[in-house]
Amino acid sequence: MAVCERLWSSVILQAIADVEEGLRIEYYEKHNKKKLSQSSIQKREEILAYAKEARDWLDSKVNELGSFVWVCDMGGFDANKLWEMTLTREGRSHFLKKDRLSKEIEEECDDV
């Protein structure tokens, strides 16, 4: 994978990781009634804000500088296929396994 492709795959993977972290926090809060400290509440709000921005970015269909579609084009990835995979926990987990990060995105997009 070329340097440019690795860079753009890292941007996509960070967005996926941010979405997943936000979902983990929501799951934890739903299933754990423990009261959070003020610093934990601030950190929670920050993480949830990043998660929302990342999900909005992944869901955007515009093709302008810095958009998800643009990043996919720059990296040579299939935006629709990657977007579909980010909709499920299994799809997100597929990309977040540390031993396969960059290689998996390249292979998934080469199959299209």
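Let's start inside the fold: Phe68 counts as buried because its relative accessibility is 2%, where buried means under 20% relative accessible area, exposed over 50% and partly exposed in between (1.4 Å probe, protein chains only). The model is predicted, so local features need pLDDT of at least 70 and side-chain atom pairs count only at pLDDT 80 or more, while totals for chains, interfaces and linings use all residues. Residues are numbered from 1 along each chain as its sequence is written, and side-chain values use heavy atoms, with hydrogens and water left out.

Leaving aside residues up to four places away in sequence, Phe68 touches Ile12, Trp57, Leu58, Ala79, Leu82 and Trp83; contact here means heavy atoms within 4.5 Å. The largest nonpolar core has 17 residues, and Phe68 is among those with the most contacts inside it, alongside Ile12, Trp57, Leu58, Cys72 and Leu82. Such a core is a set of buried Ala, Val, Leu, Ile, Met, Phe, Trp, Tyr and Cys residues joined through side-chain atoms within 4.5 Å. Two or more residues come from each of α1, α2, α3 and α4 (79-86), with the largest share, 6 residues, from α1. Helices (H or I, at least four residues) and strands (E, at least two) are DSSP runs, numbered from the N terminus.

Now for the rings. A search of the whole structure finds 2 aromatic pairs:

| Pair | Geometry | Centre to centre | Between planes |
|---|---|---|---|
| Trp8 and Trp70 | edge-to-face | 5.3 Å | 80° |
| Trp57 and Phe68 | edge-to-face | 5.4 Å | 80° |

Rings of Phe, Tyr and Trp (its six-membered ring) pair if their centres lie within 6.5 Å; planes under 30 degrees apart count as stacked, over 60 as edge-to-face and the rest as tilted. Trp8 lies in helix α1 (residues 3-31) and Trp70 in helix α3 (residues 68-75), so their pair ties together parts 62 residues apart in sequence. Trp57 belongs to helix α2 (residues 38-59) and Phe68 to helix α3, so this pair links parts 11 residues apart in sequence. Trp8, at 17% relative accessibility, counts as buried.

Helix α4 has its own pattern: Ala79, Leu82, Met85 and Thr86 are buried. Seen down the helix axis, the buried residues of α4 fall within an arc of 130°, so they line one face; the arc is that of the directions from the helix axis to the C-beta atoms.

Finally, Gly91 is found in helix α5 (residues 89-96) and, at 5% relative accessibility, counts as buried. Gly91 and Ile16 are 75 residues apart in sequence and 9.6 Å apart in space, C-alpha to C-alpha.
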